[in-house]
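Work through the exercises below with the sequence and the 3D view side by side, and try each task before you read its solution.

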Amino acid sequence: MAIPDYESLTLSTLKSLAGGAEIHISAVYDFVADELSISSEDREKRYASGSGSKYEHWVRWATTELKMAALIEKPRRGYCRITPEGEIVLANPPPRIDRKFLKKFPDYIEWENKVAARRKARQKEDEELGQKGETSIPADTPEEMVEQAALEIKTALETELLERVHQAPPEFLERLIIELLGKMGYGGGDPKMGSVTGKPGDGGIDGKIKEDALGLDEVYVQAKRYDPQKVVGGGDIRNFVGAIDAEGVNKGVFVTTAKFNQAAESVARNSSKRIILIDGEELTRLMVENGVGVREKTTIEIKRIDEDYFDFEGGS
């Protein structure tokens with residue numbers, strides 16, 4: 001049969017993981033193709049841009065949707081594994097797993113809410129541009145739909161990035177932060193201007209980096225690899241403030257894979273030191289924005305008519 005839409009592949013994708021073992025994505029491709037009788041010819045069909053197999057892309061997106069609903073997990077690169085919640089679904093499977101079905105799961109709803117919030121923020125920016133007389137994209141145009149799809153992909157990427165960082169050893173997060181700050185321009189972008197210092201008895205300082213290329217000031221870093229659902233409180237921030245004060249430093253960045261509560265934000269805001277808080281969501285946004293831990297896969301260029309070129313009333 002020809003390749004169906006990706007939602008028609010999702011149930012078979014979940015079935016391929018039954019039993020709880022870690023399964024490589026290539027085995028998932030084979031299982032789904034066999035169950036749905038997708039020919040090798042159809043499996044090899046590529047997008048017009050030649051950027052990859054349409055079939056494999058849709059299976060991978062099916063795994064992403066299942067992961068957002070916490071029905072599967074991705075324990076390491078290229079592998080998937082069903083969760084207990086996924087096994088429960090397979091024990092009494094629906095005729096089809098689509099977005100309507102996945103909305104029964106809190107994790108999926110949370111992901112959709114994130115996408116909706118970011119879309120709303122973009123729409124607000126677009127409205128502001130319109131008020132300034134600049135061109136804005138009308139809702140539900142093909143361009144808007146492309147933006148929506150890109151936003152969903154980006155949100156899914158950031159969610160998986162946070163999970164990968166949380167699963168990594170503590171020292172990985174420390175190195176990542178120094179690299180990220182370097183990519184953001186600290187130390188003039190020179191990695192030699194930053195270093196990881198975290199070790200037993202480090203006094204709460206995990207790294208440091210020069211603020212600029214001349215090294216006129218230093219920024220100290222603390223990294224906390226906590227469960228993304230955990231909350232960092234004011235006590236942790238006070239301890240960090242005390243640690244940088246003991247070093248005679250005035251600026252610090254506290255990064256966690258978790259979240260900050262209001263007490264933590266209040267301590268940072270009211271401190272005599274300049275303290276920046278970066279939670280898990282902000283961390284992964286900055287990683288994507290600065291190309292840390294990600295690589296470009298496909299670039300889609302959208303062009304519009306140059307109205308000035310066809311302005312015949314301009315006299316030339």
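Predicted model: local features only at pLDDT ≥ 70, side-chain atom pairs only at ≥ 80, totals over all residues.

Residues are numbered from 1 along each chain as its sequence is written, and side-chain values use heavy atoms, with hydrogens and water left out.

**Exercise 1.** Find how many salt bridges the structure holds.

Solution. Begin with the term: a salt bridge is a side-chain nitrogen of Lys or Arg within 4 Å of a carboxyl oxygen of Asp or Glu. By this rule, the structure holds 21 salt bridges.

**Exercise 2.** Decide whether K45 and its partner D42 are buried, partly exposed or exposed.

Solution. First, the closest N and O atoms of K45 and D42 are 2.9 Å apart, and the two residues form a salt bridge. Next, recall that buried means under 20% relative accessible area, exposed over 50%, and partly exposed in between (1.4 Å probe, protein chains only). K45, at 44%, is therefore partly exposed, whereas D42, at 10%, is buried.

**Exercise 3.** Describe the salt bridge between E289 and R285 and its place in the chain.

Solution. The side chains of E289 and R285 meet at 2.7 Å, N to O. Both residues lie in helix α12 (residues 280-290), four residues apart, about one turn of the helix; helices (H or I, at least four residues) are DSSP runs, numbered from the N terminus. Finally, E289 is exposed at 54%, while R285 is partly exposed at 27%.

Note on methods. Helix = DSSP H or I, 4+ residues; strand = E, 2+ residues; numbered from the N terminus.
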